[in-house]
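Colleague: I'd like to learn how to read a pair of packed helices. Could you walk me through it with an example?

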Amino acid sequence: MEEIKVELGERGYKILVGSGNLKNIGKALRDYDLGKKATIITNPIVGDLYQDVVKDSLRKEGFEVAIARVPDGEEYKSLEWAAKLYDELLEHRRDRYSFILALGGGVIGDLAGFVASTYMRGIPFVQVPTSLLAQVDAAIGGKVAVNHPLGKNLIGSFYQPRLVYTDLAVLKTLAHRELIAALAEIIKYGIIKDKEFFGYLEGRLDRIRALDLDVLKRVVTTCSRIKAELVSLDEREEKGIRSIINYGHTIGHALEVLTEYRVYRHGEAISIGMVAAARIAQRMGILDEESRERQVRLLERAGLPIRVKDIASSKIMGALTRDKKVKEEKTRFILATEIGKVEMRDDVPPEIIEEVLKEIT
Ligand SMILES: NC(=O)c1ccc[n+]([C@@H]2O[C@H](COP(=O)([O-])OP(=O)(O)OC[C@H]3O[C@@H](n4cnc5c(N)ncnc54)[C@H](O)[C@@H]3O)[C@@H](O)[C@H]2O)c1
Ligand SMILES: [Zn+2]
């Protein structure tokens with residue numbers, strides 16, 4: 001198995017990446033000081049597929065296992081469902097010497113992590129990410145949260161897992177659209193940090209889409225390494241280092257909000273956001289035409305949307321500035337200066353944003 005370290009001193013941990021390793025998780029967890037009482041938090045889709053493998057492997061190593069299920073969907077990443085999970089943990093007599101194992105995509109990881117961070121003032125948790133997005137992004141870095149009716153991820157904290165345990169083989173049951181949406185974030189890592197990886201993706205797209213496990217291993221380990229590095233340099237996103245991960249997210253997020261999260265998968269909105277960011281960078285004179293085209297071409301070949309459908313550019317402009325506290329407050333963009341390098345900019349003229357939005361709608 002590949003091993004990547006998130007260097008955070010006493011809060012540091014490993015990301016283990018393998019394929020077909022889910023059945024060995026019990027053995028892997030023996031080395032950690034987690035207590036003997038495990039609670040697997042999952043949903044019915046992932047649970048039906050994988051909870052027994054995990055449960056049996058844990059029991060074989062002497063762990064006591066309870067399972068708590070949350071319905072499938074972003075709307076269940078809520079305080080209400082966190083409270084139901086507290087009830088279940090109490091019913092199963094989970095104390096401070098118990099741990100939580102999050103088995104699922106980013107929704108389960110964020111919710112289970114939030115519950116772990118607050119139950120009995122915090123108990124250990126292990127991430128077992130099963131979606132490609134969770135494997136390359138959500139499970140790493142300790143951002144745990146639930147949604148509030150007024151917005152996503154508004155209630156949460158930073159709480160690092162003790163281990164991220166990734167099995168690539170589970171991706172074979174993931175819906176194709178989810179796989180493609182995650183590709184947006186994967187391509188993003190290349191653009192913000194790793195030109196060579198970007199080139200690798202250009203040559204291996206078809207093999208990724210066909211779930212070639214060797215290629216997926218390189219993809220997931222490379223992305224995990226980049227995220228781990230950004231997290232260890234700027235755990236709480238205070239120094240402007242970790243925030244480069246938000247490349248494409250300024251306009252992408254506006255699109256998600258405008259469509260009430262119903263039209264685009266997150267990665268699809270981010271794909272359009274990256275196309276817009278690349279156009280803005282070119283208009284600002286910091287990115288050349290060819291580098292912009294390479295980005296757009298790769299996103300399009302991946303099967304991701306590169307234009308907005310059915311939303312007027314003026315609406316997107318409105319959404320970008322709406323939640324600014326002060327009118328003069330600038331919209332922040334992460335912009336690429338070449339493939340593999342980005343910078344944070346607060347000085348994009350509104351006219352450039354408007355022109356670019358017109359071009360992509
Ligand atoms: N904490 C962070 O740093 C961070 C980063 C990015 C995203 N997120 C959060 O992650 C969430 C999105 O994550 P996601 O894209 O994984 O969505 P998700 O958890 O909803 O998973 C997508 C779908 O795939 C299913 N699924 C997952 N693994 C499967 C498998 N192996 N086989 C079959 N089906 C499977 C899920 O049940 C779900 O229906 C959002 O809530 C977002 O806010 C958090
Ligand atoms: Zn994202």
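Modeller: Two packed helices are described by the angle between their axes and the distance between the axes. Here, helix α10 (residues 266-283) and helix α11 (residues 289-301) have axes that come within 9 Å and cross at roughly 170 degrees. Axes are lines fitted to C-alpha atoms, for helices over the stretch in contact, with angles from 0 to 180 degrees between N-to-C directions. Helices are DSSP runs (H or I, at least four residues), as are strands (E, at least two), numbered from the N terminus.

This is a predicted model, in which local features need pLDDT of at least 70 and side-chain atom pairs count only at pLDDT 80 or more, while totals for chains, interfaces and linings use all residues. Residues are numbered from 1 along each chain as its sequence is written, and chains are lettered from A and ligands numbered from 1 in the order in which they are written.

Colleague: Which residues of α10 and α11 meet?

Modeller: From α10, S271, M274, V275, A278, R279 and Q282 meet E289, R292, Q295, V296 and L299 of α11. Contact means C-beta atoms, placed from the backbone, within 7 Å. By class, that contact has five nonpolar, three polar and three charged residues. Nonpolar covers Ala, Val, Leu, Ile, Met, Phe, Trp, Tyr, Cys and Pro; charged covers Asp, Glu, Lys and Arg; the others, Gly among them, are polar.

Colleague: Which residues are buried in α11, and which are exposed on its other side?

Modeller: Count the other C-beta atoms within 10 Å of a residue's own: 20 or more is buried, 12 or fewer exposed, in between partly exposed. In α11, S291, R292, Q295, L298 and L299 are buried. They cover an arc of only 135 degrees around the axis, which puts them on the same side of α11; the arc is that of the directions from the helix axis to the C-beta atoms. E289, E290, E293 and R297 are exposed on the other side. The cover over the buried residues of α11 includes α6 (176-193), α7 (195-209), α10 and β10 (333-338).

Colleague: And why is α10 described as largely enclosed?

Modeller: Because 16 of its 18 residues are buried. Just after α10, G285 has a positive phi of about 80 degrees; α11 is followed by G303, with a positive phi near 100 degrees.

Definitions and conventions:
Two residues are in contact if their C-beta atoms, placed from the backbone, lie within 7 Å.
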